[in-house]
Each structure stands twice: as structure tokens, then as C-alpha cells.
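Good morning, and thank you for coming. Please look at the structure on the screen while I describe two parts of it.

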Amino acid sequence: MRVIVVGAGVVGTMHAWQAVERGHEVVQIEREAEARGASLRNFGQIWVSGRAGGEELETALRARELWEEIGARVPGLGFRANGSLTPVRGDLELAVAEAAVAREDAPARGYKLLTPDEARALNPALRGRFSAALYCERDAAVEPRTAQLALRAELLKSPHYTFKPGREIREVIGGNAVRDDHGDVHCGDVVLLCTGAWLGGLVREVAGPELPVRRVRLQMMQTDPLGEPLTTSVADADSFRYYPAYRSPALDELNARQPQPETAADHRMQLLMVQRADGGLTIGDTHEYEHPFAFDTLEDPYDHLTEVVESFLGRPLPKIRRRWAGVYAQCTDPGRVVHRQQVRDGVWLVTGPGGRGMTCSPAIAETTAKELGW
């Protein structure tokens, strides 16, 4: 079988990986020299802890298995099973953490409620004040800025894999073929359009104007090296408000009686934080849904994140080295893990994993392979 993959982000690359693993010939086409979108502009978290029970959690857990397997073969992914801690303060936040630990699927996630001393035994960098912490043992991390390059280098070892950068697909020709902006036609038994947040132009033309996927903008930043290990990923209790695993009467009570700080509410913020391989911290993020998106980044969200992080670390944050915005594609139905649509004979669009893209892409690609009978 010959598979054409359009898009070199994490979703497209994992589809290429699954096809090559099954012995198929793969041509992967990318309009840039390498992917530059949401696949790089994220935390690199393999985030199991907040996923909705059922299909979303099963997808995340399977994806984590695959990330670990691939990471053992491709050290450049930087896979590490670091887990996560969500420190909580006060009875309202504690009640949400207790409700999470009481979930039937809590053992599958590796949830535990820890005392401050137990949390600091896992992550001594958390010297700030908090009353308990929700631990998720199954969370993990990779290096988002280098993971695609490492996967590509491994794929290029296969004689069945070809990468064609700098080519934008302009046309779907009948079934099973696409034409790029060089005028070249690429034919396969299957064509997969894994185009990320690129939802206009050709994607709108082939998928129709009612595509149930929207674009979401975020802001993030990265610091200089912390100077000590941050041994787990860290979230704040505002993350409870945005992840479906934490929905409960306790969360309703938290939302009713303890609103977010004004800046966090205005920008729909939570804290997620991961230490990079060089020691720096990736910190975020905001959520913006209304178009047109701002073309610049705003400072107030960064000030809020800095304050929250410093309160957990009990020390000043290192110098901010980078700030950036990113845009990802998200299914408008929050219950859907991904939008997978046959748009022509032999041509499929796979997009919309939202903030789950880095976490779930290996399992999403595996499901595509199974559904298409690879």
C-alpha cells in the first residue's frame, strides 16, 4: 500500500509512523521546511490526568503506552514518565482533588492525594505553600521542539519513507491523489490530510463549510534553566476548571464560591508547567476562541503565570527566554477525540484533537490504521 500524508505535525508524523511500521510505502508532504505549528508550541505533556472517562481516557492511556514504546527506540523524543502534581489550597480546591481520587477510573490514571511533605518528597522544588497535592502517576512528557525532528530522522532510515518539505497541497484530484504547488501529483492508495489548524482554503473546499472544528489560540513562555530539577509536571487548581475529569459537585462549588483571579478568568487561564531537557521551564497557558485572533501577545497573562509559579516554587522565576502564541484545531464537540472524515474516495481528513494532540496522536494514528485496514 502507498500512503500519502499531508502535514508534518505530530498527527501527520504519527500516521506516517504507523504506516511505515506496517510495511507500507509513505510519502509525507509538508508546506514548511518542518512543522512550525501547535506540534512545537505546546508543553510536550502526555497528559492523562484530566481526560474524560471512557474513549478519551482510553485513547490517552494507549497513546502513553505508544509514546513510551517509541521513546525507547527514539531517545531524541525525550520521553520520561515524570508524573504530575497539582498543589491545592483551601477546602474548596481540596474537595475537587478528593472527588478526582474517588473516581472509578482513578487507579488507571494513577491518582493519589498527597500531603505537602509527600509531594515535596516527589518534587523538592515545590517549596511554596499548599495544603495537599493531586498526584497523577501516569502523566509523562516529551520534548515538543525536537520530537518531530527525532521521529523524522528515524523514519528516514526506512527505504519505504520519503519526506517532501516545502510543498503546499493545492488540489485533491479525484480520489487518492493530490497536486502540490510545484505542479507535482502524488498518488496513493490512501491520502491523509493531517493539516492541523489550517482549516481554510483546500480543507474548507474538500470538507465543506460546516466542518465541526474550531481554532484556539494560546500564549506560553519558556524560562532560562531553573538550576535544579523539577521532577514532575505541575498544574494549578485552575486546571480543574478546564479538564473534564474534574467535573463534580465539588467543582461546581469551587466555581461558585471561588472565582478565578480577574486576569485568569479574562484569558481562560490555567497553569501547566514542564521542565525541558535543558532545565528551562515551559509555562502556560491562555485560551482564546473568538476571531480574529490578536496578532500580538499580552503581558498580563505572563505576569499572572509568573506569580502563580513563584508561589509554588517559593522562589523567583528565572529570566523568561521565549514567549509565543500558537493556534491549534479543536473539535467543537468536546466529547470527540478527533475529527476523522472521508472527504473523497481514498482521501481522509484527520484534525481537531485540540489540546490533546501531543498526548493522543500515536493512538489516533493507530485507530486510523485499524479503521482503514492497513
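I begin with Arg241, which lies in the loop between strand 14 (233-235) and helix 8 (249-257). Helices (H or I, at least four residues) and strands (E, at least two) are DSSP runs, numbered from the N terminus. The model is predicted, so local features need pLDDT of at least 70 and side-chain atom pairs count only at pLDDT 80 or more, while totals for chains, interfaces and linings use all residues. Residues are numbered from 1 along each chain as its sequence is written, and side-chain values use heavy atoms, leaving out hydrogens and water.

Is Arg241 buried or exposed? Its relative accessible area is 18%, and buried means under 20%, exposed over 50%, partly exposed in between, with a 1.4 Å probe and protein chains only. Arg241 is therefore buried.

The side chain of Arg241 makes a polar contact of 2.8 Å with that of Asp238. A polar contact is a pair of N or O atoms within 3.5 Å; within protein, one must be able to donate a hydrogen and the other to accept it, and residues adjacent in sequence count only if both atoms are side-chain atoms. A polar atom of the Arg241 side chain also lies 2.8 Å from the backbone oxygen of Gln258. Beyond its neighbours within four places in sequence, Arg241 is in contact (heavy atoms within 4.5 Å) with residues including Leu251, Leu254 and Pro259.
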